[in-house]
Amino acid sequence: MRGEETLAEVVLTMDRTLASNYRGGMFMGFSACVPKGIIPDWLYFSVFCPSVEYDEETGEVKEAPLGIRRIEAQLRREGYDVAVVHPDAVHKAIDEDTIAVGVSEIDPQGMGPATTTFTSFSGKPAYMKVCFEDLMERIRELKDRYGFGVFMGGPGAWQVAETFPRFGVDFLIMGEGEYVVGEVVRRIEEGDRGLEIVRGKPVAAEDIPTIVNPTTNGIVEVARGCGRGCKFCSPDMRELRSFPLSKILEDVDVNVRGGHEEILLHAEDVLRYKADGWRPNVEAVLELFSAVMNRPGVKRVSVSHVALSTVCQFDERLGEISEVAGVGELVPWMGAQVGVETGSPRLMAEHMPGKVAPYKVEEWPDVVEQAFGIMNDHGWVPCGTLILGLPGETEDDVMMTVELLDRLRDYKSFIVPLFFVPIGESRLSDHDFFTPEKLTEVHWEVILKCVDHDLKWLPELYEEYARANGHGPLVKLTIRALTWYGRRKIFKSALKWCPEKELVEAVLG
Ligand code: SF4
């Protein structure tokens with residue numbers, strides 16, 4: 001344990017919403033986007049967003065987001081003493097010898113798609129924004145006292161590209177940070193206070209440092225980037241790089257030593273691990289799952305994201321992955337986030353033809369339905385996202401999404417509608433945000449159908465989860481009651497917000 005007399009040279013931290021594992025739940029992460037003021041803070045922070053454990057004396061966290069762990073490993077590789085510290089305890093880790101404080105953020109101004117969607121109806125700020133600004137205020141006070149430099153990075157850095165000096169940030173790192181963060185800290189050490197945006201570069205798989213401490217929920221990166229080239233996505237996704245299995249297993253071991261029995265494999269499309277172009281490398285994916293499952297200390301494996309077009313190519317062989325992962329025995333089902341985005345082939349062709357590849361854009365609704373079917377057949381549960389308000393969207397496009405939702409109704413899944421967000425540096429960054437005022441009757445039909453879909457499947461999904469995790473009848477009853485209550489609450493809110501009362505009655509009444 002680090003004592004006060006040996007405080008680290010570089011302190012890394014994050015806002016309080018990132019210092020949680022959201023109880024390990026695949027769907028609970030969406031609660032990070034909840035607006036502040038909807039439920040009492042104590043309830044939010046104790047039930048939905050409980051804090052990760054941290055050392056009371058030093059403030060060092062037991063688990064931290066993967067991006068911070070990579071930066072920690074990179075800076076250690078370059079000879080710095082680094083501590084990753086809980087946001088409520090930064091004051092314990094900083095003194096006059098601190099060189100730099102680094103902050104990693106995913107959604108610091110609540111401008112990400114999920115947060116924008118959830119907060120735009122309430123008019124209240126997202127917890128992420130409130131917590132980020134509170135953290136930066138406290139760091140600024142410490143900076144005034146001790147004189148260290150501040151750098152910031154992470155997937156949400158674009159949100160403060162114009163405003164970062166206002167938050168006391170000296171260097172803003174945009175994009176992958178491994179190749180540039182050491183130089184930023186050296187410049188800070190030499191007294192440079194920049195006020196500069198530093199552009200990171202895609203890191204070669206063999207240069208990515210092995211983590212040295214556990215990640216939140218045992219998340220282990222298996223590949224970086226994507227290569228499908230959707231216009232609304234970050235430019236950092238341009239190039240797919242699969243990591244060597246040996247490096248992945250080293251990260252697994254670090255997490256097992258840190259107490260994780262379940263490993264969450266992360267990539268934009270885990271099924272494209274070591275893929276040859278669009279063609280998945282089924283044998284390599286099987287080898288990956290087997291190697292992780294056979295690692296001493298690992299009891300379960302789960303995945304973050306897969307692409308629907310890759311699922312279609314896997315077809316029946318997805319069952320082999322389920323078998324290796326013990327789906328139906330060790331875990332009730334395998335959840336995975338998938339991008340559905342729209343039911344309109346025209347919008348797919350306009351904004352994301354690569355997402356459909358190797359299939360034709362006209363086949364997209366069939367690809368989605370087929371992939372949902374394959375996933376369900378092999379014990380997988382897709383959690384799909386839709387985008388409302390893509391540039392150039394017409395009423396006919398949205399109608400096609402409604403039709404697709406009807407086709408998906410009987411597949412066990414979750415579907416979340418999100419507003420279009422012009423992500424900084426994406427090819428659609430000069431378009432406007434989609435906002436509630438722009439919602440048409442057909443958009444409302446999409447939203448209400450998603451709510452209806454999710455409330456239909458939530459009790460069954462939860463009961464399977466509860467059974468596998470030994471939850472008692474009281475917990476199950478409570479969840480059923482909460483689902484019923486939630487449906488009534490959403491029904492009333494929809495009546496308030498949606499101008500089409502008959503539509504609300506028809507779908508949710
Ligand atoms: S498939 Fe997903 S990660 Fe890849 S470019 Fe499209 S939106 Fe980005």
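## Exercises on helix packing, annotated spans and the ligand shell

In this predicted model, Arg70, Ile71, Gln74 and Leu75 of helix H2 meet Glu178, Val181, Gly182 and Val185 of helix H6. The residues of this contact comprise four nonpolar, two polar and two charged.

**Exercise 1.** Determine how H2 and H6 are oriented to each other, and state which hand their crossing has.

*Solution.* 
Step 1. Two packed helices are described by the angle between their axes and the distance between the axes.
Step 2. For H2 (residues 66–77) and H6 (residues 178–189), the axes come within 9 Å and cross at roughly 60°.
Step 3. An angle under 35 degrees would count as roughly parallel, and 65 to 115 as roughly perpendicular. H2 and H6 are therefore oblique to each other.
Step 4. The crossing in which H2 passes H6 is right-handed.

**Exercise 2.** Determine the orientation of H13 and H14 to each other, and list the residues that make their contact.

*Solution.* 
Step 1. Helix H13 spans residues 364–377 and helix H14 spans residues 395–408; their axes lie 10 Å apart, at an angle of about 25°.
Step 2. Angles under 35 degrees count as roughly parallel, and H13 and H14 are therefore roughly parallel to each other.
Step 3. H13 and H14 cross in a right-handed manner.
Step 4. From H13, the contact takes Pro365, Asp366, Val368, Glu369 and Phe372; from H14, Leu404, Arg407 and Leu408.
Step 5. Sorted by class, the contact of H13 with H14 holds five nonpolar and three charged residues, and no polar ones.

**Exercise 3.** Identify the residues around the ligand and sort them by class.

*Solution.* 
Step 1. Around the ligand are Cys226, Arg228, Gly229, Cys230, Phe232, Cys233, Glu268 and Lys355.
Step 2. This shell divides into four nonpolar residues, one polar and three charged.

Note on methods:
Residues numbered from 1 in each chain as written. Predicted model: local features only at pLDDT ≥ 70, side-chain atom pairs only at ≥ 80, totals over all residues. Heavy atoms only, no water. Axes fitted to C-alpha atoms, helices over the stretch in contact; angles between N-to-C directions. Helix = DSSP H or I, 4+ residues; strand = E, 2+ residues; numbered from the N terminus. Parallel < 35°, antiparallel > 145°, perpendicular 65-115°, else oblique. Left-handed = near helix turned anticlockwise from the far one by under 90°. Contact = heavy atoms within 4.5 Å. Nonpolar A, V, L, I, M, F, W, Y, C, P; charged D, E, K, R; others polar. Near = heavy atom within 4 Å.
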